[in-house]
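User: Please take a close look at a single part of this protein and describe its surroundings. I would then like to see how that part sits within the whole.

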Amino acid sequence: MLLLALPLLALASEPPRHEVSAHLTFPFPRWGAAVGFQRAVARRLSLSAQLETVVPTRGFLHLPGFEEILGVGVWLRRVGVGPYLSPMVSLAQNFFYRLPDQSRHVARLGGELGWRIAIAKRLSVGAGLAGQWGWALGQQSSICTYDYQCASTRPGGVVKGRVTMGVRW
């Protein structure tokens with residue numbers, strides 16, 4: 001009797017509620033990488049957090065930049081599968097370890113539209129396109145004389161492409 005119940009339990013299991021993902025990001029014209037965590041809070045609603053870095057322009061590797069992104073995902077089908085829309089807020093910073101008081105900060109608001117496919121019960125792949133608008137925080141006489149030197153903290157409009165691979169549980 002127990003052997004008959006096991007396949008039924010396996011088929012009736014609820015969908016995964018958590019996902020850890022790796023992203024290749026393309027804040028045009030640069031590229032970068034990110035890691036993220038997503039949690040389903042309802043059938044079609046998720047919360048996500050990501051840490052992203054953009055590869056600096058050649059000659060400016062001493063100015064690393066990071067962006068922390070928080071988002072709310074609204075899914076058409078269910079969390080982690082199919083099309084989604086995700087409004088997001090983020091804080092980006094570039095710094096030079098020798099002059100930490102000269103770091104540069106940008107706050108951004110935006111949204112992402114994308115699609116995820118479950119290629120196995122525990123794996124997913126996806127792609128998305130995001131648009132963000134950033135405002136510089138603090139003084140502008142920072143370590144980045146020109147915006148291209150600090151790709152992570154460009155103020156104004158930023159368009160980002162994203163390719164994602166995730167592990168769900």
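Analyst: S86 is a residue of strand β5, which spans residues 82–94; strands here are DSSP runs of E with at least two residues, helices are runs of H or I with at least four residues, and both are numbered from the N terminus. The model is predicted, so local features need pLDDT of at least 70 and side-chain atom pairs count only at pLDDT 80 or more, whereas totals for chains, interfaces and linings use all residues. Residues are numbered from 1 along each chain as its sequence is written, and side-chain values use heavy atoms, with hydrogens and water left out.

S86 counts as buried because its relative accessibility is 9%, the limit for buried being under 20%, with exposed meaning over 50% and partly exposed lying in between (1.4 Å probe, protein chains only). The side chain of S86 comes to 3.2 Å from the backbone oxygen of V72. That is a polar contact, defined as a pair of N or O atoms within 3.5 Å; within protein, one atom must be able to donate a hydrogen and the other to accept it, and residues adjacent in sequence count only if both atoms are side-chain atoms. V72 is also among the residues in contact with S86 once neighbours within four places in sequence are set aside; the others are G71, G73, G110, G111 and E112. Contact here means heavy atoms within 4.5 Å.

Strand β1 (residues 18–27) pairs with strand β2 (residues 32–42) in the antiparallel sense over 8 bridges; two strands pair if DSSP finds at least two bridges between them. These two strands form a hairpin with 4 residues between them. β2 also pairs in the antiparallel sense with strand β3 (residues 45–54), over 10 bridges, and the hairpin joining β2 to β3 runs through 2 residues. G36 belongs to both pairings: G36 in β2 is the bridge partner of S21, and G36 also stands opposite Q50 in β3.

As for the whole, the protein contains 1 helix and 8 strands, and the helix comes first, in the order α-β-β-β-β-β-β-β-β from the N terminus. Its C-alpha atoms fill a box of roughly 75 × 25 × 25 Å along the principal axes. Of the 169 residues, 40% are buried. Among contacts with a separation of 6 or more, 62% are between residues 24 or more positions apart.
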